[in-house]
Amino acid sequence: MSTVIASDNPPAGKARRFRPDRDVVEWQGAYRRYDLAKEVFVSFLVVLVLVVVCAIVFSSPDERPVTVRSWSNAAPVDFAQTAMTELDGTSGVATYGPPYTNTAGAGQVLGPISIERAVGVRIPINTAQDFVLRPLATLPDRPALDAALGEYQGASPAQRASWDAAYEKVVAGATFSNGQLVVKNGPYGPVGVLISNLESMARSGALDGALLASPQLYATNYTNPLLFIADGTYLADQAGLRHLQGDQWGMMNETGNFPGQAWLWLYTLWYQIPPMNTSSNGDVEVWAIMMVLTLLLALLPFIPGLRSIPRWLGVYRLIWRYHYRSLSPDILSQMPPGPQSHRR
Amino acid sequence: MSTSSVEEFVVVAEKATWTGKIREKAVTEFPPDRLLPDRQPAYVASWAYVFGALSIGAFIVVMLSGAVLAVEGPAWWHKSNVGLFVNSLHLWSTELFFMFMVVHLWIKFFMAAWRGRRKATWITGVIAFAVSIGAAFTGYLSQQNFDSEWIGTQAKDGINATGAGAFWNVLNFGQMLMWHIVLLPLLVAIVIGIHVLLVRRRGVVPPFAPTEAQLAKAGLTLTTTITAAASPPLLQELAEPLPTGQPAPAEPATTPTQEPTAQAPTLREPPPGLSREPLWKSPEDKS
């Protein structure tokens with residue numbers, strides 16, 4: 001009978017203590033017939049049947065996305081208010097920081113470290129130019145709009161700030177009727193013309209295409225329209241109605257009664273509990289936790305204590321119950337705790 | 001050229017060429033009966049073992065359904081009932097893939113399946129799980145519907161916070177689609193392939209053995225000589241297979257109360273470097 005203990009970096013011929021959570025006594029007993037190819041093929045067939053049944057019975061979710069057009073038609077005031085924050089540089093994206101904007105103090109930090117800031121702005125976005133002024137400039141045959149654009153872009157920064165502030169006040173109480181945005185009069189210069197034209201452009205659907213960053217006909221990058229839409233409250237409201245908000249475990253859910261990304265439960269869990277659920281650095285804190293946990297899981301075999309948990313739990317006795325039934329009672333009585341029913 | 005000259009040439013060629021060295025290494029590490037085994041140790045007798053194969057089965061369905069979706073393009077399933085059905089196959093095979101993989105992971109944890117130089121097998125399994133999460137995530141981002149829109153605009157903050165968002169833009173549909181249908185599936189397939197090869201190389205982890213202290217209480221001692229040539233697959237070749245699929249009535253190597261000579265299975269001669277000492281000895285056993 002051979003004695004072979006498989007170990008990491010075994011020193012040849014050198015005796016040392018057997019470590020039950022790292023070493024094994026390699027098998028020299030009997031073997032049973034097994035068919036690897038058959039097992040994989042049967043598994044494939046079983047999965048295929050289950051998948052076909054689930055696909056027929058449950059199908060899959062496919063709700064249409066919110067577009068700038070659908071948003072501005074469903075919530076025109078929210079659109080106008082959001083557009084104004086993009087123009088005056090107070091929106092979420094305009095003040096986001098890296099990788100979109102150079103905003104002093106923006107960017108999440110973990111202790112003294114901010115990888116976000118260290119990497120810097122790699123997807124530069126100027127919300128006034130990219131979301132408002134440049135798309136408006138693509139509209140043809142609108143002399144009043146062209147004049148307003150010229151006046152706004154030719155004005156001093158202080159003048160523009162004054163107009164923006166004045167319009168911010170009136171748009172907060174705006175209404176929408178007969179296809180027009182209705183705001184009170186005020187000293188907002190050409191800004192009213194800009195926003196009302198952007199509103200009509202959005203409602204026609206023209207703004208969706210104009211927001212795409214690609215100058216080519218074929219576009220695949222939807223960063224700008226998605227960021228613009230996400231700055232409004234309409235998308236978040238729609239997500240809330242579907243129980244997809246962050247505090248509703250939104251990252252792992254999907255529309256309808258589908259399981260979604262259930263495997264993200266632990267990642268989503270951290271967003272529900274303090275301090276991450278209220279922290280301004282919550283995202284980087286959750287990611288740091290998940291990175292550490294993933295590393296711990298991968299390196300579990302190297303970590304004393306953690307690698308002994310399976311032996312302490314004794315679930316293995318259930319898995320190898322037939323094997324242990326064949327062992328001597330003398331040995332079984334000395335084995336780690338486990339389901340007694342599996343002892344002979 | 002004489003026969004001996006031909007043999008000499010073959011030997012020299014094996015050692016002198018990259019191809020020869022790779023072939024020699026591959027055949028040594030993965031002989032056909034280890035790569036595609038038709039027998040397993042008797043302790044491999046539980047439903048717990050099927051979840052690895054089920055994960056692979058689900059992964060195959062994921063890849064096949066994804067390939068069909070790729071044939072018609074990303075917009076097809078939004079406007080075609082057949083496309084929606086194929087997308088549903090893709091979704092549910094993904095759900096099952098993760099379910100089986102998670103169960104497989106837990107079972108391997110309960111087995112402490114990293115024991116006996118199987119750490120790399122465990123680590124590649126964890127990596128496969130992590131990369132699969134990325135593959136599934138980019139799939140959700142590539143759906144072009146409300147789910148992908150909401151998930152993308154929410155997830156950007158987490159990705160950006162790590163600094164990765166500057167290079168890996170979850171709002172860039174084209175970038176996410178390419179990662180989803182090319183790079184990540186390839187990576188998942190490679191990692192799963194390495195994982196499976198490691199399983200075949202090291203074999204299925206044996207059950208926990210009693211510790212020295214536990215054996216001592218039973219009046220037995222454990223031989224602790226570590227042998228450099230302790231390769232599990234090599235040992236598989238030493239043992240004769242059972243003629244039928246019946247579980248072993250009593251494993252000589254794990255039955256310390258009986259005399260080794262009386263229990264000796266029909267073993268071949270061990271290769272150089274392998275000891276042939278009893279596994280467990282009682283104090284009176286001096287052989």
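**Ground rules.** Residues count from 1 along each chain as its sequence is written, while chains are lettered from A and ligands numbered from 1 in the order in which they are written. For this predicted model, local features need pLDDT of at least 70 and side-chain atom pairs count only at pLDDT 80 or more, whereas totals for chains, interfaces and linings use all residues.

**Confidence.** I began with pLDDT, the predictor's confidence in each residue, from 0 to 100. Chain A averages 89, and 90% of its residues reach 70 or more. I flagged residues 337-344 of chain A, where pLDDT stays under 50. The model has 15 contacts for that stretch beyond four places in sequence, a contact being two residues whose C-beta atoms, placed from the backbone, lie within 7 Å.

**Chain A overall.** I found 17 helices and 5 strands in chain A; these are DSSP runs numbered from the N terminus, helices being H or I with at least four residues and strands E with at least two. Chain A is more spread out than a compact globule, because its radius of gyration is 31 Å, well over the 20 Å that the globule rule gives for 344 residues. That radius is taken over C-alpha atoms, and the rule is 2.2 Å times the number of residues to the power 0.38. Along the principal axes, the C-alpha atoms of chain A fill a box of roughly 95 × 50 × 35 Å.

**Burial and contacts.** I call a residue buried if 20 or more other C-beta atoms, placed from the backbone, lie within 10 Å of its own, exposed if 12 or fewer, and partly exposed in between. In chain A 37% of the 344 residues are buried, and in chain B 44% of 287. Of the contacts with a separation of 6 or more, residues 24 or more positions apart account for 52% in chain A and 74% in chain B.

**Cores.** A nonpolar core here is a set of buried Ala, Val, Leu, Ile, Met, Phe, Trp, Tyr and Cys residues joined through C-beta atoms within 7 Å. The largest has 115 residues, and I229(A), A58(B) and F97(B) are among those touching the most other members. Helix α6 (residues 81-110) of chain B gives this core its largest share, 12 residues. A second, separate core of 5 residues includes W287(A) and A161(B).

**Helix pair.** Helix α13 (residues 282-298) of chain A and helix α7 (residues 119-141) of chain B have axes that come within 8 Å and cross at roughly 145°. Axes are lines fitted to C-alpha atoms, for helices over the stretch in contact, with angles from 0 to 180 degrees between N-to-C directions. The residues making the contact include L297(A) and I127(B).

Most residues other than glycine have a negative phi, and most peptide bonds are trans. The bond from P98(A) to P99(A) is cis, with omega near 5°, and the one from P274(A) to P275(A) is cis with omega near 0°. N178(A), not a glycine, has a positive phi of about 50°; N178(A) counts as exposed because it has 5 C-beta neighbours inside 10 Å.
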